[in-house]
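Dear colleague,

Please find below the sequence and structure that I am handing over to you. My notes on what was found in the structure follow directly after it.

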Amino acid sequence: MSHGGAGGSGGLGAQTVVGGNLGGGAAAAAAAAAAAAAGGGGAGGGEYRELHWTVSSVMDSSRVSTCLISMLLIVYGSFRSLNIEQEAREREQKKRNESMTNLLTGEQVEKEPSECLPHPNTLDRPNTLRVRFVSADKFATLDTMHALCLPLGASISLLIMFFFFDSMQLLFAVCTAIIATVALAFLLLPMCQYIIRPCTDGKRFSFGICGRFTAAELFSFTLSVSIVCIWVLTGHWLLMDAMGMGLCVAFIAFVRLPSLKVSTLLLTGLLIYDVFWVFLSSYIFSTNVMVKVATRPAENPVGIVARKLNLGGIVRDTPKLNLPGKLVFPSIHNSGHFSMLGLGDVVMPGLLLCFVLRYDAYKKSQGVTSDPTLSPPRGVGSRLTYFHCSLLGYFLGLLTATVSSEVFKAAQPALLYLVPFTLLPLLLMAYLKGDLRRMWSEPFIAQQPSKQLEV
(Lines give C-alpha, C1' and ligand atoms only; values in the text may rest on other atoms or scores of the structure.)
Protein backbone atom coordinates (compact mmCIF):
# COMPACT_ATOMS: atom_id res chain seq x y z
CA MET A 1 0.00 0.00 0.00
CA SER A 2 1.22 3.48 -0.64
CA HIS A 3 0.43 6.91 0.53
CA GLY A 4 1.19 9.00 -2.18
CA GLY A 5 2.47 11.13 -4.44
CA ALA A 6 4.18 14.43 -4.72
CA GLY A 7 2.67 17.03 -6.91
CA GLY A 8 6.06 17.54 -8.39
CA SER A 9 9.36 15.90 -7.97
CA GLY A 10 11.15 18.11 -5.56
CA GLY A 11 8.28 20.56 -5.32
CA LEU A 12 6.01 21.34 -2.42
CA GLY A 13 2.84 20.86 -4.42
CA ALA A 14 2.96 17.18 -3.58
CA GLN A 15 -0.51 16.46 -2.31
CA THR A 16 -1.75 13.03 -3.25
CA VAL A 17 -2.38 9.84 -1.42
CA VAL A 18 -1.95 6.82 -3.66
CA GLY A 19 -3.80 3.68 -2.72
CA GLY A 20 -2.12 0.56 -3.92
CA ASN A 21 1.32 -0.88 -3.70
CA LEU A 22 3.27 0.55 -6.61
CA GLY A 23 4.94 -2.39 -8.26
CA GLY A 24 3.07 -4.98 -6.22
CA GLY A 25 -0.34 -3.80 -5.06
CA ALA A 26 -2.32 -5.66 -7.71
CA ALA A 27 -0.63 -8.94 -6.86
CA ALA A 28 -1.16 -8.39 -3.13
CA ALA A 29 -4.82 -7.58 -3.65
CA ALA A 30 -5.31 -10.63 -5.86
CA ALA A 31 -3.61 -12.87 -3.33
CA ALA A 32 -5.77 -11.51 -0.51
CA ALA A 33 -8.93 -11.99 -2.56
CA ALA A 34 -7.95 -15.55 -3.43
CA ALA A 35 -7.22 -16.34 0.20
CA ALA A 36 -10.58 -14.93 1.25
CA ALA A 37 -12.41 -16.95 -1.41
CA ALA A 38 -10.56 -20.15 -0.51
CA GLY A 39 -11.37 -20.00 3.19
CA GLY A 40 -14.58 -22.10 3.50
CA GLY A 41 -16.35 -19.65 5.80
CA GLY A 42 -18.79 -18.47 3.12
CA ALA A 43 -19.61 -14.81 2.50
CA GLY A 44 -19.29 -13.87 6.16
CA GLY A 45 -15.87 -15.47 6.42
CA GLY A 46 -14.70 -13.72 3.26
CA GLU A 47 -15.90 -10.35 4.52
CA TYR A 48 -14.17 -10.93 7.86
CA ARG A 49 -10.90 -11.83 6.16
CA GLU A 50 -11.15 -8.82 3.87
CA LEU A 51 -11.78 -6.53 6.85
CA HIS A 52 -8.89 -8.10 8.75
CA TRP A 53 -6.61 -7.63 5.72
CA THR A 54 -7.67 -3.99 5.41
CA VAL A 55 -7.04 -3.27 9.10
CA SER A 56 -3.65 -4.96 9.00
CA SER A 57 -2.75 -2.98 5.89
CA VAL A 58 -3.74 0.30 7.54
CA MET A 59 -1.63 -0.59 10.58
CA ASP A 60 1.35 -1.59 8.46
CA SER A 61 4.70 -0.28 9.70
CA SER A 62 5.16 1.86 6.59
CA ARG A 63 1.87 3.67 7.16
CA VAL A 64 2.48 4.10 10.89
CA SER A 65 5.95 5.51 10.15
CA THR A 66 4.50 7.94 7.62
CA CYS A 67 1.89 9.21 10.08
CA LEU A 68 4.30 9.60 13.00
CA ILE A 69 7.08 11.23 10.98
CA SER A 70 4.74 13.72 9.29
CA MET A 71 3.28 14.78 12.66
CA LEU A 72 6.73 15.08 14.22
CA LEU A 73 7.91 17.25 11.32
CA ILE A 74 4.95 19.59 11.78
CA VAL A 75 5.45 19.84 15.53
CA TYR A 76 9.22 20.33 15.22
CA GLY A 77 8.93 22.88 12.41
CA SER A 78 6.28 24.87 14.29
CA PHE A 79 8.23 25.03 17.54
CA ARG A 80 11.43 25.77 15.63
CA SER A 81 9.69 28.73 14.02
CA LEU A 82 8.43 29.94 17.40
CA ASN A 83 11.91 29.56 18.89
CA ILE A 84 13.49 31.59 16.07
CA GLU A 85 10.90 34.29 16.69
CA GLN A 86 11.57 34.37 20.42
CA GLU A 87 15.34 34.52 19.96
CA ALA A 88 14.96 37.41 17.52
CA ARG A 89 12.69 39.23 19.97
CA GLU A 90 15.25 38.78 22.75
CA ARG A 91 18.00 40.17 20.52
CA GLU A 92 15.89 43.19 19.65
CA GLN A 93 15.09 43.77 23.32
CA LYS A 94 18.78 43.58 24.13
CA LYS A 95 19.57 46.13 21.43
CA ARG A 96 16.87 48.46 22.76
CA ASN A 97 18.31 48.19 26.26
CA GLU A 98 21.76 48.99 24.91
CA SER A 99 20.33 51.96 23.04
CA MET A 100 18.76 53.31 26.20
CA THR A 101 22.04 52.87 28.03
CA ASN A 102 23.87 54.75 25.29
CA LEU A 103 21.34 57.57 25.50
CA LEU A 104 21.93 57.91 29.23
CA THR A 105 25.71 57.88 28.83
CA GLY A 106 25.68 60.24 25.85
CA GLU A 107 27.18 57.75 23.42
CA GLN A 108 26.06 57.58 19.79
CA VAL A 109 23.05 55.38 19.16
CA GLU A 110 22.94 53.24 16.02
CA LYS A 111 19.42 52.60 14.87
CA GLU A 112 18.38 49.75 12.62
CA PRO A 113 15.47 50.60 10.33
CA SER A 114 13.97 47.11 10.65
CA GLU A 115 13.52 47.34 14.41
CA CYS A 116 10.28 48.29 16.12
CA LEU A 117 8.54 49.68 13.08
CA PRO A 118 4.77 50.02 13.55
CA HIS A 119 2.66 47.77 11.38
CA PRO A 120 1.21 49.64 8.38
CA ASN A 121 -2.32 48.69 9.37
CA THR A 122 -1.97 50.46 12.72
CA LEU A 123 -0.68 53.81 11.53
CA ASP A 124 -4.15 55.28 11.10
CA ARG A 125 -5.88 53.31 13.84
CA PRO A 126 -6.50 54.67 17.34
CA ASN A 127 -6.28 52.50 20.42
CA THR A 128 -4.23 49.76 18.81
CA LEU A 129 -0.91 48.28 19.66
CA ARG A 130 1.18 46.33 17.21
CA VAL A 131 3.38 43.81 19.00
CA ARG A 132 6.31 43.27 16.71
CA PHE A 133 7.99 39.93 17.28
CA VAL A 134 10.77 40.07 14.71
CA SER A 135 12.05 42.05 11.76
CA ALA A 136 10.06 41.58 8.56
CA ASP A 137 12.97 40.20 6.54
CA LYS A 138 13.28 37.14 8.78
CA PHE A 139 10.21 35.32 7.45
CA ALA A 140 8.25 35.11 4.22
CA THR A 141 4.62 36.02 4.92
CA LEU A 142 1.89 34.97 2.52
CA ASP A 143 -0.91 37.42 1.84
CA THR A 144 -4.31 37.01 0.20
CA MET A 145 -2.95 37.32 -3.31
CA HIS A 146 -0.30 34.67 -2.63
CA ALA A 147 -2.96 32.35 -1.24
CA LEU A 148 -5.09 32.75 -4.37
CA CYS A 149 -2.21 32.40 -6.84
CA LEU A 150 -0.34 29.52 -5.21
CA PRO A 151 -2.69 26.74 -6.46
CA LEU A 152 -2.48 28.20 -9.97
CA GLY A 153 1.30 28.35 -9.80
CA ALA A 154 1.43 24.78 -8.50
CA SER A 155 -0.74 23.64 -11.42
CA ILE A 156 1.54 25.35 -13.94
CA SER A 157 4.61 23.78 -12.32
CA LEU A 158 2.92 20.38 -12.41
CA LEU A 159 2.16 20.70 -16.11
CA ILE A 160 5.71 21.81 -16.89
CA MET A 161 7.09 18.76 -15.12
CA PHE A 162 4.53 16.52 -16.84
CA PHE A 163 5.27 17.68 -20.39
CA PHE A 164 8.94 18.71 -20.20
CA PHE A 165 10.38 16.48 -17.50
CA ASP A 166 12.65 14.53 -19.87
CA SER A 167 14.28 17.65 -21.29
CA MET A 168 14.53 19.48 -17.94
CA GLN A 169 15.24 16.66 -15.51
CA LEU A 170 18.90 17.65 -15.09
CA LEU A 171 17.84 21.17 -14.10
CA PHE A 172 15.23 19.76 -11.71
CA ALA A 173 17.75 17.43 -10.09
CA VAL A 174 20.43 20.10 -9.63
CA CYS A 175 18.04 22.74 -8.28
CA THR A 176 16.46 20.21 -5.93
CA ALA A 177 19.87 19.13 -4.64
CA ILE A 178 20.93 22.72 -3.94
CA ILE A 179 17.71 23.67 -2.15
CA ALA A 180 17.63 20.41 -0.20
CA THR A 181 21.25 20.94 0.90
CA VAL A 182 20.41 24.28 2.53
CA ALA A 183 17.19 22.93 4.07
CA LEU A 184 18.92 19.83 5.44
CA ALA A 185 21.65 21.99 6.98
CA PHE A 186 18.92 23.95 8.77
CA LEU A 187 17.40 20.69 10.02
CA LEU A 188 20.74 19.40 11.32
CA LEU A 189 21.85 22.69 12.91
CA PRO A 190 20.48 22.12 16.47
CA MET A 191 22.14 18.70 16.63
CA CYS A 192 25.44 20.16 15.43
CA GLN A 193 25.19 23.00 17.95
CA TYR A 194 24.71 20.47 20.74
CA ILE A 195 27.71 18.41 19.58
CA ILE A 196 30.09 21.32 19.04
CA ARG A 197 29.04 23.47 22.00
CA PRO A 198 31.73 22.09 24.41
CA CYS A 199 34.44 22.65 21.80
CA THR A 200 33.72 26.18 20.61
CA ASP A 201 33.03 29.63 22.00
CA GLY A 202 30.47 30.63 19.36
CA LYS A 203 32.97 32.63 17.31
CA ARG A 204 31.94 33.39 13.74
CA PHE A 205 34.23 32.84 10.77
CA SER A 206 34.14 35.22 7.84
CA PHE A 207 33.81 33.93 4.27
CA GLY A 208 33.83 37.21 2.40
CA ILE A 209 30.63 38.00 0.55
CA CYS A 210 29.10 34.69 1.71
CA GLY A 211 28.81 35.99 5.26
CA ARG A 212 29.94 34.96 8.73
CA PHE A 213 29.16 31.51 10.12
CA THR A 214 29.64 29.67 13.39
CA ALA A 215 31.43 26.34 13.65
CA ALA A 216 28.08 24.58 14.16
CA GLU A 217 26.67 26.11 10.99
CA LEU A 218 29.73 25.04 9.00
CA PHE A 219 29.51 21.54 10.49
CA SER A 220 25.81 21.18 9.63
CA PHE A 221 26.41 22.44 6.09
CA THR A 222 29.27 19.96 5.62
CA LEU A 223 27.07 17.10 6.82
CA SER A 224 24.28 18.23 4.52
CA VAL A 225 26.55 18.37 1.47
CA SER A 226 27.90 14.91 2.29
CA ILE A 227 24.40 13.44 2.59
CA VAL A 228 23.28 14.97 -0.71
CA CYS A 229 26.40 13.70 -2.49
CA ILE A 230 25.88 10.18 -1.17
CA TRP A 231 22.23 10.36 -2.26
CA VAL A 232 23.29 11.33 -5.79
CA LEU A 233 25.66 8.36 -5.93
CA THR A 234 23.32 5.80 -4.36
CA GLY A 235 19.75 7.10 -4.71
CA HIS A 236 18.92 5.58 -1.32
CA TRP A 237 15.37 6.26 -0.10
CA LEU A 238 16.49 7.08 3.45
CA LEU A 239 18.73 9.93 2.27
CA MET A 240 15.91 11.19 0.04
CA ASP A 241 13.63 11.19 3.08
CA ALA A 242 16.21 13.15 5.09
CA MET A 243 16.29 15.81 2.36
CA GLY A 244 12.50 15.89 2.23
CA MET A 245 12.31 16.31 6.01
CA GLY A 246 14.69 19.25 5.79
CA LEU A 247 12.50 20.88 3.14
CA CYS A 248 9.38 20.41 5.28
CA VAL A 249 10.90 21.84 8.45
CA ALA A 250 12.52 24.80 6.68
CA PHE A 251 9.31 25.69 4.85
CA ILE A 252 7.17 25.50 7.99
CA ALA A 253 9.72 27.48 10.02
CA PHE A 254 10.24 30.38 7.61
CA VAL A 255 6.92 30.79 5.77
CA ARG A 256 4.14 32.52 7.69
CA LEU A 257 0.37 32.68 7.42
CA PRO A 258 -0.72 36.04 8.88
CA SER A 259 -4.38 35.26 9.59
CA LEU A 260 -7.05 32.61 9.54
CA LYS A 261 -8.55 34.19 6.44
CA VAL A 262 -5.38 33.68 4.41
CA SER A 263 -5.05 30.18 5.84
CA THR A 264 -8.59 29.28 4.78
CA LEU A 265 -8.12 30.68 1.27
CA LEU A 266 -4.81 28.87 0.81
CA LEU A 267 -5.95 25.47 2.05
CA THR A 268 -9.26 25.63 0.19
CA GLY A 269 -7.51 26.50 -3.05
CA LEU A 270 -5.00 23.70 -2.60
CA LEU A 271 -7.80 21.24 -1.81
CA ILE A 272 -9.44 22.10 -5.14
CA TYR A 273 -6.06 21.81 -6.87
CA ASP A 274 -5.42 18.42 -5.28
CA VAL A 275 -8.85 16.99 -6.10
CA PHE A 276 -8.68 18.19 -9.70
CA TRP A 277 -5.25 16.76 -10.50
CA VAL A 278 -5.96 13.43 -8.81
CA PHE A 279 -9.56 12.75 -9.83
CA LEU A 280 -10.10 14.77 -13.03
CA SER A 281 -6.73 15.02 -14.78
CA SER A 282 -7.02 11.50 -16.22
CA TYR A 283 -10.10 12.57 -18.20
CA ILE A 284 -8.14 15.37 -19.87
CA PHE A 285 -4.62 13.94 -20.16
CA SER A 286 -5.50 10.21 -20.28
CA THR A 287 -3.39 9.60 -17.18
CA ASN A 288 -3.23 10.69 -13.57
CA VAL A 289 -0.88 13.67 -13.88
CA MET A 290 -0.15 13.91 -10.16
CA VAL A 291 0.81 10.26 -9.76
CA LYS A 292 2.77 10.26 -13.03
CA VAL A 293 4.95 13.16 -11.96
CA ALA A 294 5.33 11.87 -8.42
CA THR A 295 6.62 8.45 -9.44
CA ARG A 296 8.80 9.45 -12.38
CA PRO A 297 12.54 9.05 -11.62
CA ALA A 298 15.12 11.50 -12.93
CA GLU A 299 18.37 10.75 -14.67
CA ASN A 300 21.37 10.90 -12.38
CA PRO A 301 23.48 14.04 -13.08
CA VAL A 302 26.63 11.96 -12.59
CA GLY A 303 25.44 9.54 -15.25
CA ILE A 304 24.62 12.35 -17.68
CA VAL A 305 28.09 13.87 -17.28
CA ALA A 306 29.73 10.44 -17.56
CA ARG A 307 27.79 9.70 -20.74
CA LYS A 308 29.01 12.92 -22.32
CA LEU A 309 32.59 12.01 -21.34
CA ASN A 310 32.15 8.45 -22.69
CA LEU A 311 32.70 6.85 -19.27
CA GLY A 312 30.58 3.76 -19.83
CA GLY A 313 31.34 2.03 -16.50
CA ILE A 314 30.15 4.97 -14.44
CA VAL A 315 26.98 5.29 -16.52
CA ARG A 316 26.00 1.70 -15.73
CA ASP A 317 26.61 2.15 -11.99
CA THR A 318 24.67 5.38 -11.41
CA PRO A 319 21.05 4.86 -10.32
CA LYS A 320 18.11 6.98 -11.33
CA LEU A 321 16.98 9.44 -8.67
CA ASN A 322 13.58 9.84 -7.06
CA LEU A 323 13.60 13.55 -6.28
CA PRO A 324 12.69 14.50 -2.68
CA GLY A 325 9.14 15.70 -3.28
CA LYS A 326 7.77 12.95 -1.06
CA LEU A 327 8.47 10.85 2.02
CA VAL A 328 8.84 7.13 1.35
CA PHE A 329 8.80 4.41 4.04
CA PRO A 330 9.11 0.72 3.14
CA SER A 331 7.31 -1.92 5.14
CA ILE A 332 9.32 -4.02 7.56
CA HIS A 333 7.23 -7.14 7.10
CA ASN A 334 6.19 -7.03 3.43
CA SER A 335 8.89 -6.79 0.80
CA GLY A 336 8.14 -4.27 -1.96
CA HIS A 337 5.42 -2.72 0.16
CA PHE A 338 5.89 0.99 1.01
CA SER A 339 4.03 4.13 1.96
CA MET A 340 4.49 7.47 0.21
CA LEU A 341 3.30 10.91 1.33
CA GLY A 342 3.81 14.15 -0.59
CA LEU A 343 5.67 16.98 1.09
CA GLY A 344 2.74 19.30 0.44
CA ASP A 345 0.56 17.12 2.66
CA VAL A 346 2.96 17.93 5.50
CA VAL A 347 3.88 21.52 4.70
CA MET A 348 0.52 23.10 3.90
CA PRO A 349 -1.36 21.88 7.00
CA GLY A 350 1.89 22.51 8.90
CA LEU A 351 1.69 26.21 8.03
CA LEU A 352 -1.75 26.33 9.61
CA LEU A 353 -0.54 24.57 12.76
CA CYS A 354 2.45 26.91 12.98
CA PHE A 355 0.06 29.87 12.76
CA VAL A 356 -2.17 28.61 15.58
CA LEU A 357 0.87 27.79 17.72
CA ARG A 358 2.06 31.37 17.32
CA TYR A 359 -1.40 32.61 18.22
CA ASP A 360 -1.51 30.39 21.32
CA ALA A 361 1.87 31.75 22.42
CA TYR A 362 0.86 35.34 21.64
CA LYS A 363 -2.42 35.00 23.52
CA LYS A 364 -0.66 33.55 26.53
CA SER A 365 2.11 36.15 26.63
CA GLN A 366 -0.09 39.19 25.97
CA GLY A 367 -3.12 38.11 27.99
CA VAL A 368 -5.47 38.52 25.03
CA THR A 369 -9.04 37.98 26.17
CA SER A 370 -11.81 36.40 24.14
CA ASP A 371 -15.06 38.07 23.15
CA PRO A 372 -16.64 39.27 26.43
CA THR A 373 -20.15 38.57 25.10
CA LEU A 374 -19.43 34.83 25.04
CA SER A 375 -18.98 32.76 28.16
CA PRO A 376 -15.64 30.96 28.19
CA PRO A 377 -15.77 27.15 27.95
CA ARG A 378 -15.12 25.16 31.07
CA GLY A 379 -13.61 21.74 31.72
CA VAL A 380 -11.23 19.97 29.38
CA GLY A 381 -12.13 22.22 26.44
CA SER A 382 -10.84 25.27 28.27
CA ARG A 383 -7.36 23.72 28.50
CA LEU A 384 -7.32 22.56 24.89
CA THR A 385 -5.21 24.89 22.76
CA TYR A 386 -5.77 25.61 19.09
CA PHE A 387 -2.53 23.79 18.29
CA HIS A 388 -3.70 20.62 20.08
CA CYS A 389 -7.04 20.78 18.26
CA SER A 390 -5.42 21.20 14.84
CA LEU A 391 -2.80 18.51 15.45
CA LEU A 392 -5.49 16.03 16.48
CA GLY A 393 -7.46 16.98 13.38
CA TYR A 394 -4.40 16.40 11.20
CA PHE A 395 -3.96 12.92 12.68
CA LEU A 396 -7.62 12.03 12.09
CA GLY A 397 -7.48 13.41 8.55
CA LEU A 398 -4.37 11.41 7.73
CA LEU A 399 -5.95 8.29 9.21
CA THR A 400 -9.09 8.83 7.12
CA ALA A 401 -7.01 9.32 3.98
CA THR A 402 -5.14 6.10 4.73
CA VAL A 403 -8.34 4.10 5.18
CA SER A 404 -9.84 5.63 2.03
CA SER A 405 -6.82 4.73 -0.08
CA GLU A 406 -7.10 1.17 1.20
CA VAL A 407 -10.85 0.87 0.70
CA PHE A 408 -11.03 2.39 -2.79
CA LYS A 409 -7.71 0.93 -4.02
CA ALA A 410 -7.09 4.15 -5.94
CA ALA A 411 -5.24 7.44 -5.66
CA GLN A 412 -6.73 9.69 -3.00
CA PRO A 413 -5.99 13.43 -2.63
CA ALA A 414 -4.77 13.74 0.94
CA LEU A 415 -5.85 17.37 1.32
CA LEU A 416 -9.42 16.30 0.64
CA TYR A 417 -9.31 14.81 4.13
CA LEU A 418 -6.62 16.87 5.87
CA VAL A 419 -8.11 20.31 5.16
CA PRO A 420 -11.61 19.65 6.61
CA PHE A 421 -10.24 17.75 9.61
CA THR A 422 -7.80 20.54 10.53
CA LEU A 423 -9.65 23.67 9.44
CA LEU A 424 -13.27 23.02 10.45
CA PRO A 425 -12.59 22.06 14.11
CA LEU A 426 -10.30 25.08 14.38
CA LEU A 427 -13.00 27.43 13.09
CA LEU A 428 -15.56 25.91 15.45
CA MET A 429 -13.23 26.12 18.43
CA ALA A 430 -12.32 29.73 17.64
CA TYR A 431 -16.02 30.61 17.43
CA LEU A 432 -16.82 28.93 20.73
CA LYS A 433 -13.91 30.67 22.46
CA GLY A 434 -14.80 34.04 20.95
CA ASP A 435 -11.53 34.39 19.02
CA LEU A 436 -12.82 33.85 15.49
CA ARG A 437 -13.14 37.52 14.53
CA ARG A 438 -9.67 38.34 15.84
CA MET A 439 -8.00 35.30 14.28
CA TRP A 440 -9.76 35.81 10.96
CA SER A 441 -8.35 39.23 10.17
CA GLU A 442 -5.78 40.62 12.62
CA PRO A 443 -4.79 38.02 15.21
CA PHE A 444 -1.64 39.80 16.41
CA ILE A 445 -3.07 43.30 16.90
CA ALA A 446 -4.30 43.83 20.46
CA GLN A 447 -7.06 46.34 21.14
CA GLN A 448 -6.19 48.85 23.85
CA PRO A 449 -8.80 50.71 25.91
CA SER A 450 -6.65 53.78 26.41
CA LYS A 451 -4.69 56.05 24.13
CA GLN A 452 -2.42 54.65 21.45
CA LEU A 453 0.73 53.00 22.69
CA GLU A 454 3.77 52.53 20.56
CA VAL A 455 6.35 49.82 20.91
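**Salt bridges**

The count of salt bridges comes to six, a salt bridge being a side-chain nitrogen of Lys or Arg within 4 Å of a carboxyl oxygen of Asp or Glu. Please note that this is a predicted model, in which local features need pLDDT of at least 70 and side-chain atom pairs count only at pLDDT 80 or more, while totals for chains, interfaces and linings use all residues. Residues are numbered from 1 along each chain as its sequence is written, and side-chain values use heavy atoms, with hydrogens and water left out.

One of the salt bridges joins the side chains of Arg63 and Glu406, at 3.6 Å from N to O. This pair links distant parts of the chain, with Arg63 in helix H3 (residues 61–105) and Glu406 in helix H13 (residues 386–408), 343 residues apart. Helices (H or I, at least four residues) and strands (E, at least two) are DSSP runs, numbered from the N terminus. Arg63 is buried, with a relative accessible area of 2%, and Glu406 also counts as buried, at 0%. Here buried means under 20% relative accessible area, exposed means over 50%, and partly exposed lies in between (1.4 Å probe, protein chains only).

Another salt bridge is formed by the side chains of Glu85 and Arg256, at 2.9 Å from N to O. Glu85 belongs to helix H3 and Arg256 to strand E5 (residues 255–256), so that the pair links distant parts of the chain, 171 residues apart. Glu85 is buried at a relative accessible area of 2%, and Arg256 counts as buried at 5%.

Glu299 forms a salt bridge with Lys320, with the closest N and O atoms 3.7 Å apart. Glu299 lies in the loop between helix H8 (289–294) and helix H9 (301–308), and Lys320 in the loop between helix H10 (312–317) and strand E6 (326–330), so this pair ties together parts that are 21 residues apart in sequence. Glu299 counts as partly exposed, at 22% relative accessibility.

**Aromatic rings**

A search of the whole structure finds 14 aromatic pairs. Rings of Phe, Tyr and Trp (its six-membered ring) pair if their centres lie within 6.5 Å; planes under 30 degrees apart count as stacked, over 60 as edge-to-face and the rest as tilted. The rings of Phe163 and Phe285 have centres 6.0 Å apart and planes at 65°, so this pair is edge-to-face. Phe163 lies in helix H4 (residues 144–196) and Phe285 in helix H7 (residues 260–285), so the pair ties together parts that are 122 residues apart in sequence. Phe285 counts as partly exposed, at 24% relative accessibility. One aromatic cluster is formed by Phe162, Phe163, Phe276, Trp277 and Phe285.

Two arginines are placed over rings. The charged end of Arg80 sits over the ring of Phe186, 3.8 Å from its centre, and that of Arg256 sits over the ring of Phe139, 3.7 Å from its centre. A charge sits over a ring if NZ of Lys or CZ of Arg is within 6 Å of the ring centre and within 35 degrees of the ring normal.

**Individual residues**

Most residues other than glycine have a negative phi. Ser286 has a positive phi of about 60° although it is not a glycine. Ser286 is found in the loop between H7 and H8 and counts as exposed, at 69% relative accessibility.

Thr214 has its place in strand E4 (residues 212–214) and counts as buried at 14% relative accessibility. Not counting residues up to four places away in sequence, Thr214 touches Gly202, Lys203 and Arg204, a contact meaning heavy atoms within 4.5 Å.

**The chain and its confidence**

The protein chain has 15 helices and eight strands, and 45% of its 455 residues count as buried. The average pLDDT, the predictor's confidence in each residue from 0 to 100, is 77, and 73% of the residues score at least 70. Among the elements, helix H1 (residues 25–38) has the lowest mean pLDDT (38) and helix H6 (residues 237–254) the highest (95). Over residues 1–44 the pLDDT stays under 50, and over residues 111–136 it is below 50.

With kind regards
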